[in-house]
Amino acid sequence: MASRLGTQLGEWQATGGVAQALADRIRMLLLDGRITVGERLPSERALAAELGRSRATVARAYELLEAAGYAERVHGSGTRAALPAQRLPRAAAVDGDVIDLTIASVGSAPGMHAATVRALDRLAPLLGTPGYSLQGLPELRERIAARYRERGLPTDPEQIIVTSGAMHALSIVLAALGERGRPAVVEQPTFAHAMEALRRTGHRLLPTPVTPEGWDSAHLVDTIRQQWPALAYLVADFHNPTGATMPELERARVAAVARSVGTVLIVDETCAELDIDRGWTPRPFAAHGSAVLIGSMSKIAWGGLRIGWIRASREHVDRMLSVRPSLDLGTAVLEQCIAIELHDDMEGLLAHARRRLRIGRAAVADGLATHLPEVAMPDVPGGLAAWVDLGGPWSTSLSLAARDRGLLLPPGPRFSASGVLDRYARIPITWEPELTAAAMARLGAAWRALHAGERSRHERLHDAAVV
C-alpha cells in the first residue's frame, strides 16, 4: 500500500545525487504544506521498497533532512517531519505612505450610520436595566437563530451566545471546552490568530493540508481518528485564506469521525456568506453532527462593529456561560442594538459585500496579469482573499522586498502552524480597485527586484497582526 509520502512524491526522479534529490523533494513537500510538521515518515525500508531505491539511499536522505533541521529521528518513534526553529519579533509601528494588505475587510456597509441612529431608540428602554448582557439580547439572538434556520439548520435562540467578535467567541469556546496539554487539529493554512489562541490555551497543534482545491480529507480524518484531539478548528466555507468550501459528504464524514473519538469541532463561519459565484450552498457544518459554530458581523458590515456569536448545543452553551464571567460580563448593548437594525437588512448587506468582493477579485486578477504575469490567479468563488502560488519558496523574500516599497504583505508562513508554505501569499480581494491597483504595482516592483537579486534593506519580517 502506498504511503502518503510516496503518493506526494509521485513520479519522482533524481536528476543528480539520488539521496540529495530525494531529501530536497521531501523538504519542498514539507515547505509547501503537503507534508505536515510532525507527520511520521515511512521507515527507510518501506520507502526504499516503494520508490525502488536502496535502503542506504533513503537513510542518507533522512540524514540530510535531519542535519538541516527538516526531520527528527527518535529511537523507537521513527522519523518525523520537522522545521528549523525560528521566532519573529513583533512589528514596529507603520509610518508614511504604506498600503496595508495584512487587512482583508470590505469596510463599512451603506446604512451603518443610519442603523446606529435608529439603534439609539432601541437602546433607550434598556437604560433602566443593569446593562449586563451575558448571553446577548433576546431580539438579536432570535435574528441570528433565524439566519441559521434559513440556511437549513434548526436553531433556538437559547443556542446562541452573542460575543464581542469572532476572536472573542473563540476565546470563550476555548475557555469552556479546551483541554490544556491535548492536541488540536488546525488547517494549514488557516487564520493566524486562531492558532495563537489555541497555543495560548495549551493545545498542541496538528496541521492538516488545505489548498484552493480543497481538503486532504483522508489526512484530516486519519489525524482525528489516530490522535484523538480535544478540538479541531475548521473554516469549512470560503476557507481563510484559500477560499475553498468543504463538500457536504466530507463534512458528514469528518463530523462522524470526530463524534466517535470525542473531538469537539469548532467551525469558523466568519466567511460563510461571502459568496461571489460559488454556484452551490452547503448547509452549516452542525447540520451533519455536533459542532460549535462561530460567526461575526465584521466581514459583512464593518470591522469596527465588534459583534460575533456562538451557535452550540444547549449543554455547551451552559458550560460557556458558566465560564464567561471570568473573561467578561457581556457584549456592549449599544452594539447589539446596531446589529439588530443591520440584521433587518441582511440581504442588502450581503449584496453590497458580494459586489465589493467581485470588483476586488477582478482588480487582483488584473494586477497579477499586468505586474506578475508569471503568477496565475487562483479560482476565488468567494471569501476574502486569493491564495496565490508564487511557483517557488519566495513568499518571505517577496514580503521583505514589498516592505521596501511601502507595501505590507503577510507571507505564506504566517498562515501556517509550523512556518511552512513559503511559496504562497495571501492577497485580499476586499479593497477598492484604485488601492488594489497601486498595491499590485508595488508588488510587481518587489517581484522584479527579488528576481533581479536585489537585497532588501529589511533583514526580517515582523510577526504583525493579520486580519
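Student: Over the ring of which residue does the charged end of Arg27 sit?

Tutor: A charge sits over a ring if NZ of Lys or CZ of Arg is within 6 Å of the ring centre and within 35 degrees of the ring normal. Here the ring belongs to Tyr70, and the charged end of Arg27 is 5.9 Å from its centre. Arg278 likewise lies over the face of Trp280, at 5.6 Å from the ring centre. Please note that this is a predicted model, in which local features need pLDDT of at least 70 and side-chain atom pairs count only at pLDDT 80 or more, while totals for chains, interfaces and linings use all residues. Residues are numbered from 1 along each chain as its sequence is written, and side-chain values use heavy atoms, with hydrogens and water left out.

Student: How many disulfides does the structure hold?

Tutor: A disulfide is a covalent bond between the sulfur atoms of two cysteines. The criterion is a pair of cysteine sulfur atoms within 2.5 Å, and the structure holds zero disulfides.

Student: Is Cys271 buried or exposed?

Tutor: Buried means under 20% relative accessible area, exposed over 50%, and partly exposed in between, with a 1.4 Å probe and protein chains only. Cys271 has 4% relative accessibility, so this residue counts as buried. Cys337, at 0%, is buried too.

Student: How many aromatic pairs does the structure hold?

Tutor: Rings of Phe, Tyr and Trp (its six-membered ring) pair if their centres lie within 6.5 Å; planes under 30 degrees apart count as stacked, over 60 as edge-to-face and the rest as tilted. The structure holds three such pairs. Trp387 and Tyr424 form a stacked one, with 5.3 Å from centre to centre and 5 degrees between the planes. This pair links distant parts of the chain, since Trp387 is in strand β12 (residues 385–389) and Tyr424 is in strand β14 (residues 424–428), 37 residues apart. Helices (H or I, at least four residues) and strands (E, at least two) are DSSP runs, numbered from the N terminus. Trp387 is buried at 3% relative accessibility, and Tyr424 is buried at 13%.

Student: Why is the pair of Trp394 and Trp447 edge-to-face?

Tutor: The ring centres of Trp394 and Trp447 are 5.8 Å apart and their planes stand at 80 degrees, so the pair is edge-to-face. Trp394 lies in the loop between β12 and α14 (395–404), and Trp447 in helix α15 (residues 433–451), so the pair ties together parts 53 residues apart in sequence. Trp394 is partly exposed at 30%, whereas Trp447 is buried at 4%.

Student: Which residues do ring pairs link into a cluster?

Tutor: The cluster consists of Trp387, Phe415 and Tyr424.

Student: At what angle do helix α9 and helix α10 pack?

Tutor: Two packed helices are described by the angle between their axes and the distance between the axes. Axes are lines fitted to C-alpha atoms, for helices over the stretch in contact, and angles run from 0 to 180 degrees between N-to-C directions. Helix α9 (residues 217–227) and helix α10 (residues 248–261) pack at about 10 degrees, with axes 9 Å apart. That makes α9 roughly parallel to α10, a term for angles under 35 degrees.

Student: Where does Phe285 lie?

Tutor: Phe285 is in the loop between β9 (264–268) and β10 (292–296), and is buried at 0% relative accessibility. Contact means heavy atoms within 4.5 Å. Leaving out residues up to four places away in sequence, Phe285 touches several residues, including Leu234, Met246 and Leu293.

Technical notes. Parallel < 35°, antiparallel > 145°, perpendicular 65-115°, else oblique.
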